[in-house]
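Work through the exercises below with the structure open beside you. Try each task before reading its solution.

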Amino acid sequence: MSLLNIGVTGLNAARAALTTTSQNVSNVNTAGYHRKAVNQSALYYGPGQFGNTGNGVRVDDIYRVYDSYLDKAVQTATSSSKYYDTQYAYLDQLDQIISNSTTGLAPRMQDLFTSIQSLSSDPSSIPARQAMIDKAAALVNTFKSVDIRHEDLRTGINTEIRSGVTSINGLAKQIATLNDQIAKLWQGGSNPPNDLLDQRDQALTELNKYIGATSVPLDDGTINVFMGNGQSLVLGAQTFELEAIQSKADASELTVGYKGTGIELPKTLLTGGSLGGALEMRDTLNKSQQQLGAIAVSLVSSFNAQHQQGVDRNGNPGKEFFGLDFNFPEFNTAFNVASGQNPGAPVTHPVNLQNLTPEQTEVVNRFALRALSQKVTKPEEIAAASGYVYQAGATNTGDGKVSSYSGLAGMRADLATALGTAPGITVTSDGAGNFTLAGAGLTTPPYSVIPAPGTTGGYKVVHTSPTGQQTDAGFEFTMTGAPAAGDQFQFRQRLPTDPFTETGDNSNLTQLAKLQTAEVVDVGGGKTTLQGAYGQLATMVGSKTNEVKVMKDAQTAILKDAVVSRENVSGVNLDEEAANLLKYQQAYQASSKVVQIAGSLFDSILQAIG
């Protein structure tokens, strides 16, 4: 080949290198851009007149500097980072709701029981009664406020799901379109459309912000994209569109399914990214709401049961202090699903909340805060006094007197029957601080009277099972003085015909106050107090928040390192590209000089011949 042609091949190679370098410089800030480089080789056609001098250079291809491992590492780290970012954004808010020491539930519960203790010192005081009513109202309002904030987070999660599905569908269509364009230009993989490949890889990285996605390359240059645990999203130029649909189990929640099918994809199949993080967060939100509901249900059931053991200021039997009204659509749907019924079927609303399946209990607890209300709103309706009457034996010789007496929530049915049947139950002293019990249908054993721990002069009726286990039967009294042997004390249920004049009787208030330290909440297969259950919830949410924060920070660092590693290989370095521009400029100028010299030599030959 002539010197002229060799110079021309050098010009073409230098120009291709200059163009490629210029493209790199221009796209230094383009997301997902991979640095391009020229691959060239020497032209060789065999020995010439003066030996093997070579025949110039050719550009074999322009390739992108690409490492599939590093790109996949960035995509995986992006998915994990957004997964924990999304969770933490919601968990941080939930932690503030639960752990707030000023406006949270813990201080409101303490306020209610403090007001009960204050009223106990003067049960006839109308201002003290009103204070108890107000503190109960504040507790109910706080429960409802906390529930509203939970629902606000649920709405935010629904919005996250809806927007995430929209973004996933848009990116899937973009990948499918790029697949189609790449396939048409692929030509067996020689001279691939590098910029289109960059755009597709960037779209895949963006997709991982919303859902964990993996890709499988095909021979025609296209990729198949799968999300979560292998669900198809893009197959070549075909997409499988998603949609946010209303959950069949809970009408207030959105789930994800393939468009047009109405079939929900289980959360376990949708992992990673902001969508996976939102779905995972909703499980924590439901657990929080269910435990709060369990606290509310336990408060209502135990408080009502004890309040109904007393009588109010007018001598009327105590009524339910708090209420739970579950008659609203979201509960109906969820309760029917938990009961294996059609979601739209009529619902028999639970009244005593007994004999529910675990699934039904979860639904009841989930909606308990919304169903909560306060039924006793007038000071005179507080049942402070005992619902029972007491009479000392006419022949008693000791100075023992009963100072307080009260029935307890959960009283055994046969004991309640005996107390409601004249003359009630009779306890007889042996003069040494011990008592025996008699009453219609009751025998000793299994019934007996033992000292009540923690109460000076206190006694309680217990029932002994055939295995020897003693449990509270549901009645207590406190004795002052020293009864003599044979002294008797009679208790029976108050009748409407019994005269009632309000005195300083705080017997039922005393039992209501004890609920603060009573283990009335079922948590994790065991029992704990109202405050104890709330403390466990605060610990659970706080621990989860800290755990996710640690993971979020770690994944942020991993993502940063992955991006740096990829950019070190594939990124555009302006200093390097500037050096390349000078190098290729000099190569171009040198090749131009070769062409100029070849032309000059050719002119000299022509002049010599002429």
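**Exercise 1. Surface and overall form**

How many Å² does the accessible surface of the chain come to, and what percentage of it belongs to carbon and sulfur atoms? Then compare the radius of gyration with that of a compact globule.

Solution. The model is predicted, so each value here is computed from predicted atoms. Step one: the accessible surface is about 28900 Å², and carbon and sulfur atoms account for 52% of it. Step two: of the 610 residues, 45% are buried. Step three: for 610 residues, a compact globule would have a radius of gyration near 25 Å, but this chain has 41 Å. Step four: look at the box filled by the C-alpha atoms, which is roughly 160 × 45 × 45 Å along the principal axes.

**Exercise 2. Elements and contacts**

State how many helices and strands the chain has, and what share of its contacts join residues at least 24 apart.

Solution. Step one: the secondary structure consists of twelve helices and 22 strands. Step two: take the contacts between residues at least 6 apart in sequence; 68% of these join residues at least 24 apart.

**Exercise 3. The nonpolar cores**

Find the residues that touch the most other members of the largest nonpolar core.

Solution. In soluble globular proteins, nonpolar side chains tend to be buried together. Step one: the largest core has 77 residues, and Leu 207, Phe 303 and Phe 322 touch the most other members. Step two: helix α4 (residues 126–185) supplies the largest share of this core, 17 residues. Step three: leave out residues up to four places away in sequence, and Phe 303 touches, among others, Leu 112, Ile 116, Met 132, Phe 322 and Leu 512. Step four: another core, of 22 residues, lies apart from this one and includes Met 411, Leu 419, Leu 437 and Val 461.

Technical notes. Residues are numbered from 1 along each chain as its sequence is written. This is a predicted model: local features need pLDDT of at least 70, side-chain atom pairs count only at pLDDT 80 or more; totals for chains, interfaces and linings use all residues. Side-chain values use heavy atoms; hydrogens and water are left out. A nonpolar core is a set of buried Ala, Val, Leu, Ile, Met, Phe, Trp, Tyr and Cys residues joined through side-chain atoms within 4.5 Å. Buried means under 20% relative accessible area, exposed over 50%, partly exposed in between (1.4 Å probe, protein chains only). Helices (H or I, at least four residues) and strands (E, at least two) are DSSP runs, numbered from the N terminus. Contact means heavy atoms within 4.5 Å. The radius of gyration is taken over C-alpha atoms; the globule rule is 2.2 Å times the number of residues to the power 0.38. Accessible areas come from the Shrake-Rupley method with a 1.4 Å probe; for residues, only the protein chains shown count as cover.
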